[in-house]
Amino acid sequence: MKGSGAWKRMAVVLLGPGLGTLCWLGAWRNPEQAPLWSTAAVMVWMAWWWVSEAVPLAATALLPLVLLPLSKVQPVAQVAQSYTSSSIFLFLGGFLLALAVEESGLHRRLALRILWALGDCPHRIVLGFLLASAALSMWLSNTATTMMLLPIALSVLGTLAPEEPEDRLARRGPNTAQLPPALMLAIAYGASIGGITTKVGTPPNVAFLAFYESRWPEAPDVSFAAWMVLGVPVFGLMAGFCWWLLTRGVFVVPRESLWGGRAALARAYQKLGPMSRDEKAAAVLFATTALLWVLREPVRGWGWAAWLGLGRPASGGPPWVDDAVVALALATVAFCIPSAQPGRKTLLQWTDTQRLPWGVLLLFGGGLALAEAMRASGLAHLLAHHLA
């Protein structure tokens, strides 16, 4: 059976280059359209490996660096520029700031405070985790947000009554038994919904901005404030519908208080004690970053970047500084702030970066490289024409 599974996996892996080869035949038969067909081959190959996950996603994202130069679509130096886009560094800076918040322990305090304020009724607990997940995901990655809140959610569920059997939830009523899945899904959906609210809330936002800025460099800049003017109302509608779906639609959870959930959250918050120096530093760093992002240039010609002459030049072109500069600058400051925790020299240490999702950065670099090749070869125009 093991041998059979290995052969099946190899067949799935080989299907990617096989589909690409069919497209390369088009380049051989139509030399004048060789770049277009070659780009299509790379696109099909990558799409199959990404969809089937036959090869790690980040490894698949490296294919443009190899295949596009070999196919004479673009020189390797030009392809590599997509992997060093400012959007990639914006994401890197956001990851580093998220690590600083986690290492200080500030994320637990923020989440517990939000949940405590909403009460202990089950439907409010679901709403609390939904909003806490969404609020954190506006600035942190969805994965980090989910991993932060999951242990807290499990501890809240554990306050029901430890002395009762494992089926204590079901014995308190059929509706109560639906609380755990609703709570877990609230965290997952909240992270996705909150991510759309800000420019850096979720990777697709960064990918869109990178494509938008590279494709239309003369177009107006999409500021943090402009993004949130659209994102906040959409977030409100989606969060409200999601809450209804999890508490009254797919699941039905009680609306009355069943246990001292709010008291348990208060005790958990009290156990944290007063804010440590590291937490205060992370809070200031986080607030400063968010403020600089929002106020960089919310309106064309207004904001700290415009006042310092660092906005878009009068002659046109990209601005001198963008949100990536802010993220990397404040992330660098995190490496300089002394830490009060035993065994730590600074708020953020280089050893902490071992937990950075480097594969995600490569994944977006590969996507941007493929998108640029599709534009340059004319494949994007051809696909748009046929879709229209």
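In this predicted model, one aromatic cluster is formed by Phe208, Tyr212, Trp216 and Trp227. The structure as a whole holds nine aromatic pairs. One of these aromatic pairs consists of tryptophan 24 and tryptophan 45, whose ring centres lie 6.2 Å apart. The planes of these two rings stand at 90°, and because planes over 60 degrees apart count as edge-to-face, the pair belongs to that class.

Tryptophan 24 has a relative accessible area of 23% and is partly exposed. Tryptophan 45, with a relative accessible area of 13%, is buried, because values under 20% fall in that class.

Helix H2 also contains valine 44. The relative accessibility of valine 44 is 24%, so this residue counts as partly exposed. Once its neighbours within four places in sequence are left aside, valine 44 is in contact with Leu19 and Cys23. Glycine 18 lies 26 residues from valine 44 along the chain, and the C-alpha atoms of the two are separated by 9.6 Å.

Another part of the model shows how two helices pack. Helix H8 (residues 122–137) and helix H11 (residues 179–195) meet at an angle of about 30°, and their axes are 7 Å apart. Angles under 35 degrees count as roughly parallel, and H8 and H11 are therefore described in this way. Their crossing is right-handed. On the side of H8, the contact is made by Pro122, Ile125, Val126, Phe129, Leu130, Ser133, Ala134 and Ser137. On the side of H11, the residues that take part include Leu179, Ala182, Leu183, Ala186, Ile187 and Tyr189, and among them are also the glycines Gly190, Gly194 and Gly195.

It remains to consider the confidence of the prediction. The protein chain averages a pLDDT of 81, and 87% of the residues score at least 70. Among the elements of the chain, helix H4 (residues 63–70) has the highest mean pLDDT, at 93, whereas helix H10 (residues 168–171) has the lowest, at 47. The pLDDT is below 50 over residues 160–172. Beyond near neighbours in sequence, this stretch has 17 contacts in the model.

Notes. Residues numbered from 1 in each chain as written. Predicted model: local features only at pLDDT ≥ 70, side-chain atom pairs only at ≥ 80, totals over all residues. Heavy atoms only, no water. pLDDT = per-residue confidence, 0-100. Helix = DSSP H or I, 4+ residues; strand = E, 2+ residues; numbered from the N terminus. Contact = heavy atoms within 4.5 Å. Phe/Tyr/Trp six-rings, centres within 6.5 Å; stacked < 30°, edge-to-face > 60°. Buried < 20%, exposed > 50% of the residue type's maximum accessible area, 1.4 Å probe, protein only. Axes fitted to C-alpha atoms, helices over the stretch in contact; angles between N-to-C directions. Parallel < 35°, antiparallel > 145°, perpendicular 65-115°, else oblique. Left-handed = near helix turned anticlockwise from the far one by under 90°.
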